[in-house]
Amino acid sequence: MRTYGKFGMAVVLTFFFLHGCLGANSNKSTRFYLLDPVSQGEPLNTSGQTLFVELRSLDLPQYLEKPQIVTRTAANRLELAEYHQWGGNLRKNIIRVMKQNLSRILSTPHVTAPPFLSGTAPDVRVDIEVMAFEGDHSGRVFLRVQWRIFSGASGELLLSRMSSFERPAEDTSGDKDGIVTAMNQILADFSLTLARAVLDTTGDRA
């Protein structure tokens, strides 16, 4: 009876421990985030000519193709925030933001991406490969990206670059609002760099 009593007590304690853990986790609600366009000064294209730009591809590393927001905790270690997730597909969200940023900077409604393409051949096509796009525990958010601009008419490679962007993330007491805000600003920085290059390669820079 004594052995059975100890066993029973162990079962009861285990039950309450698991119930407490599950109860603690059940009190957490998942927060969802979206990237949004950010204005970066006045539009650059003042020539009056309407440009047609196609974002032909945008590739992300596999570790970013997840619902959780990723933070780099060390050079070779990542942390996925289970209770802080993207409110949709991150790649599609980045494309949507880039399209809106470029449309405003280049003063054109004709910035497209597959599968929604214009019936008019673009002036340029752009390929983007993201190498890294995340925050770290030092309070930085960074983007490393390789991008190429091709002639829309001939397919000729006009420009190929590697770019890096960095912004500080405001500490918002454990949530990811500061990281997402910095990501929005970094995408605006990249959009401005890309827009300047498009104007250079098309000869329409203001």
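I began with R31, which is partly exposed at a relative accessible area of 44% (buried means under 20% relative accessible area, exposed over 50%, partly exposed in between, with a 1.4 Å probe and protein chains only). I noted that this is a predicted model, in which local features need pLDDT of at least 70, side-chain atom pairs count only at pLDDT 80 or more, and totals for chains, interfaces and linings use all residues. Residues are numbered from 1 along each chain as its sequence is written, and side-chain values use heavy atoms, with hydrogens and water left out.

I then counted salt bridges (a side-chain nitrogen of Lys or Arg within 4 Å of a carboxyl oxygen of Asp or Glu) and found 8 in the structure. R31 pairs in this way with D175, their closest N and O atoms being 3.4 Å apart. Because R31 lies in strand β1 (residues 31-33) and D175 in the loop between β8 (157-168) and α3 (177-202), the pair ties together parts 144 residues apart in sequence; helices (H or I, at least four residues) and strands (E, at least two) are DSSP runs numbered from the N terminus. D175 counts as buried, at 17% relative accessibility.

Next I looked up R167, whose salt bridge with D189 has its closest N and O atoms 3.0 Å apart. This pair links strand β8, which holds R167, to helix α3, which holds D189, across 22 residues. R167 is partly exposed at 26%, whereas D189 is buried at 15%.

Finally, I recorded that salt bridges with shared partners join D136, R140 and E166 into one network.
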